[in-house]
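I opened the notebook to look up a few points in this model. The entries follow in the order I took them.

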Amino acid sequence: MISIKNLNKYYGDIKVLNNISINIQKGEIFAIVGHSGAGKSTLLRCINGLEDYKDGSLLVGEKEIKSLKKEELRVFRKNIGMIFQHFSLIQRKTVFDNVALPMELWGYSKEEITKKVKDLLSLVGLEHKLDSYPSELSGGQKQRVAIARALTLDPDVLLSDEATSALDPNTTTSILNLLKEINEKLNITIVIVTHEMEVVKQIAQKALLLEHGNIIGLDDTEELFLKPDEKMKEFLGENEVVPSNGVNVKLYFPKDNAYQSFITKMARELNMDFNIVWGKLEEINTHIVGNMVINIEDKNKNVVLDYIKQHDIVWEVL
Amino acid sequence: MTDILLPALGETVYMSLVSTFFAVLIGFALAIVLILTSKDGLRENLKVYSILDVVINTLRSFPFIILMIVLFPLTKFLIGKSIGTTAAIIPLTIGAAPFIARLIESALKEVDKGVVEAAKSFGASDFQIIFKVMLVEALPAIISAITLTLITVIGFSAMAGAVGGGGLGDVAIKYGYYRFQTDTMIYTVLILVALVQVCQSLGDYLYKITKK
């Protein structure tokens with residue numbers, strides 16, 4: 001669907017995107033994650049041509065974005081909806097008129113517009129707010145209006161630029177659920193830019209980690225969180241604090257056996273006690289995944305590792 | 001006294017309304033060019049922008065009375081004579097146009113960049129962005145700008161007497177000052193105060209009903 005190859009972008013002499021290559025599949029929810037200034041919004045804006053890029057290639061479907069002429073780009077953008085951190089609604093237009101605007105500009109008939117706008121506003125749960133103005137709505141409601149507006153031209157792709165960053169956690173979850181619903185119902189590819197790990201965990205199937213314009217991670221979300229590498233750990237700001245004596249073994253629980261009682265079973269079968277010194281379980285895309293660090297005495301190291309190896313558990317010695 | 005004041009009021013209203021109307025038209029066009037060509041504008045062109053910028057600043061720095069005299073040839077060319085009430089409309093328009101151009105420019109500049117970006121994201125053309133998005137959003141601020149301009153023009157029009165334009169300002173100077181008719185002076189001032197009040201209240205009202 002979206003295929004980016006060796007993309008570079010500069011602001012003056014500063015390289016803001018360095019050799020980015022990613023593939024986003026149709027129907028996928030893909031997250032671009034990074035701290036502010038990482039270049040994630042810039043990368044997102046390259047997808048609908050709001051930003052240009054110097055070299056490399058960015059294909060959406062068959063179209064190379066940088067070779068589109070101004071008029072072609074306008075027509076192309078019908079196919080890409082976008083939502084923003086601060087909603088970007090027109091304050092002086094009602095909810096109905098805000099959602100209707102893209103269709104009006106593209107010359108749809110009154111009947112088509114009315115029908116579509118009403119359908120979309122009931123999809124986002126705001127069918128009773130047609131005549132309200134944005135200033136009368138809560139943040140979550142404003143974002144729902146913006147989502148409806150982004151869907152009016154039946155896009156294949158929805159770009160979300162920090163769309164939940166101005167919302168409280170509960171509203172964030174409800175907006176993410178709405179995006180998920182749209183993704184499933186309408187089979188729209190969604191690309192999300194965020195600095196919130198919670199957003200990635202709740203919704204994204206794949207994630208790209210950016211730091212200073214460089215890719216530092218690109219994998220299925222579960223893999224990224226389950227087995228974070230050094231850079232990912234640094235990014236998440238988490239480092240295990242473990243005892244300095246004995247051997248520390250980190251066990252990763254993949255999504256299918258996170259609930260299995262591996263540790264207690266091992267303790268029983270080896271007739272041995274362990275200290276659990278660190279651990280974490282998380283819900284990612286409705287799966288529970290996690291890891292745990294146990295501390296064992298040096299003399300027991302081999303016995304324990306043999307046992308772990310027999311049980312198809314991913315592990316490492318810290 | 002009424003037969004002096006009433007026609008004078010008529011002249012003031014006529015000069016102010018007509019020149020504000022034309023000034024708004026010219027100012028509007030200038031403001032749109034400024035917004036389009038400014039840095040990061042929809043059609044960035046810093047050469048055009050800086051030329052226009054200098055022209056507007058130059059016109060704005062002329063004292064109005066001097067501007068009237070400088071513009072004699074233009075006025076004569078446009079309406080056939082350089083004195084009279086209608087003749088005063090030309091310098092009033094040209095004096096007010098750069099002023100309102102700046103005001104409308106800043107009203108348009110205040111429009112949330114995010115809204116403009118959103119409009120681009122669903123494929124709006126530059127023309128649509130200006131007329132269907134920016135102007136819609138900036139309307140209350142533009143109404144304030146027009147109100148402010150109208151009141152400024154009423155003030156300027158007091159000097160129109162210098163070119164035989166008549167009006168309340170002219171009466172205040174001729175009768176009130178040169179002939180020591182203090183009561184006439186007071187009446188003209190009171191009428192001007194009332195006129196400005198009415199304009200401002202009307203402007204405020206329109207601002208209120210358009211602001212959401």
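I began with burial, where a residue is buried if 20 or more other C-beta atoms lie within 10 Å of its own. The model is a predicted one. By that cut-off, 36% of the 318 residues of chain A count as buried.

**Entry: overall layout of chain A**

I counted secondary structure next. Chain A has eleven helices and 14 strands. I then looked up the extent of the C-alpha trace, which spans about 80 × 50 × 30 Å along its principal axes. For contacts in chain A between residues at least 6 apart in sequence, I found that 68% join residues at least 24 apart.

**Entry: the two domains**

I looked up the domain assignment of chain A. Domain 1 covers 2-232 and domain 2 covers 243-317. Their C-alpha centres lie 39 Å apart. How many residues of each domain of chain A are in contact with the other? I found seven residues of domain 1 in contact with eleven residues of domain 2. On the domain 1 side, helix H8 (residues 221-226) of chain A gives the largest share, four residues. I also sorted the residues of that side by type: two are nonpolar, two polar and three charged.

**Entry: positive phi in chain A**

I checked residues with a positive phi. Asn19(A) has phi near 50°, and Asn19(A) is not a glycine. I placed Asn19(A) in strand E2 (residues 14-24) of chain A. Is Asn19(A) buried or partly exposed? Asn19(A) is partly exposed, because 14 other C-beta atoms lie within 10 Å.

Phe87(A) is another non-glycine with a positive phi, about 70°. I found Phe87(A) in the loop between strand E6 (80-83) and helix H3 (95-105) of chain A. Phe87(A) counts as buried because it has 26 C-beta neighbours inside 10 Å.

**Entry: helix H3 of chain A**

How many of the eleven residues of H3(A) are buried? Nine are, so H3(A) is largely enclosed by the rest of the structure. Among the buried residues I noted Val95(A), Phe96(A), Asn98(A), Leu101(A) and Met103(A). What do the buried residues of H3(A) pack against? I found helix H4 (110-123) and helix H5 (139-151) of chain A, together with helix H7 (126-156) of chain B. After H3(A) comes Gly107(A), with a positive phi near 75°.

**Entry: strand pairing in chain A**

I moved on to strand E11 (residues 247-253) of chain A. E11(A) pairs with strand E13 (residues 287-296) of chain A in the antiparallel sense, over seven bridges. Which residue of E13(A) is the bridge partner of Phe253(A)? I found Gly290(A) there. E11(A) is also joined to strand E14 (residues 314-317) of chain A by four bridges, and these strands run antiparallel. In E14(A), I found Glu316(A) as the bridge partner of Lys250(A).

**Entry: a glycine in chain B**

I finished in chain B. Gly167(B) lies in the loop between H7 and helix H8 (168-178) of chain B. Gly167(B) counts as buried because it has 27 C-beta neighbours inside 10 Å. Leaving aside neighbours within four places in sequence, I listed contacts of Gly167(B), including Ala8(B), Glu11(B), Met15(B), Ser157(B) and Gly161(B).

How values were computed
Residues are numbered from 1 along each chain as its sequence is written. Chains are lettered from A and ligands numbered from 1 in the order in which they are written. This is a predicted model: local features need pLDDT of at least 70, side-chain atom pairs count only at pLDDT 80 or more; totals for chains, interfaces and linings use all residues. Domain bounds come from an automatic or database domain assignment. Two residues are in contact if their C-beta atoms, placed from the backbone, lie within 7 Å. Helices (H or I, at least four residues) and strands (E, at least two) are DSSP runs, numbered from the N terminus. Ala, Val, Leu, Ile, Met, Phe, Trp, Tyr, Cys and Pro count as nonpolar, Asp, Glu, Lys and Arg as charged, and the others, Gly among them, as polar. A residue is buried if 20 or more other C-beta atoms lie within 10 Å of its own, exposed if 12 or fewer, and partly exposed in between; C-beta atoms are placed from the backbone. Two strands pair if DSSP finds at least two bridges between them.
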